[in-house]
Amino acid sequence: MTGSYLDPRDAEYAESLPADERATVVATVSRFRRPDRLRVGDALPDLELLRLDDAAAERISSLAGGRPLVLVFGSFT
């Protein structure tokens, strides 16, 4: 069900999810995966994020609004 583009640890995690959540994770990874890393000047993919306070969906483009936007990614697992 998961594709070879997933790291084996990510694939193991995805397989542990219910089918609908697994489909979302796999679709997101496959849609936004790049063959190499983002480079300075690359366009930011317009991802949809969930706000922490009320779980409402918001697009990254609406947050930037022509201003610099800093994104910090991390894993807490």
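User: What should I know about the numbering and the cut-offs?

Analyst: Residues are numbered from 1 along each chain as its sequence is written. In this predicted model, local features need pLDDT of at least 70 and side-chain atom pairs pLDDT 80 or more, while totals for chains, interfaces and linings use all residues, and side-chain values use heavy atoms, without hydrogens and water.

User: In what order do the elements of the protein run?

Analyst: Helices (H or I, at least four residues) and strands (E, at least two) are DSSP runs, numbered from the N terminus. Here there are three helices and two strands, in the order α-α-β-β-α from the N terminus.

User: How many of the residues count as buried?

Analyst: Buried means under 20% relative accessible area, exposed over 50%, and partly exposed in between (1.4 Å probe, protein chains only). Of the 77 residues, 10% count as buried.

User: Is Leu49 buried or partly exposed?

Analyst: Leu49, in strand E1 (residues 48-50), counts as partly exposed because its relative accessibility is 32%.

User: What is the nearest side chain of opposite charge to Arg22?

Analyst: A salt bridge is a side-chain nitrogen of Lys or Arg within 4 Å of a carboxyl oxygen of Asp or Glu. Lys and Arg count as positive, Asp and Glu as negative; His and the chain ends are not counted. Arg22 lies in helix H2 (residues 19-32) and is buried without a salt bridge; Glu15, the nearest side chain of opposite charge, is 4.4 Å away. A polar atom of the Arg22 side chain lies 2.8 Å from the backbone oxygen of Leu17.

Notes. Polar contact = N/O pair within 3.5 Å; in protein donor to acceptor, adjacent residues only side chain to side chain.
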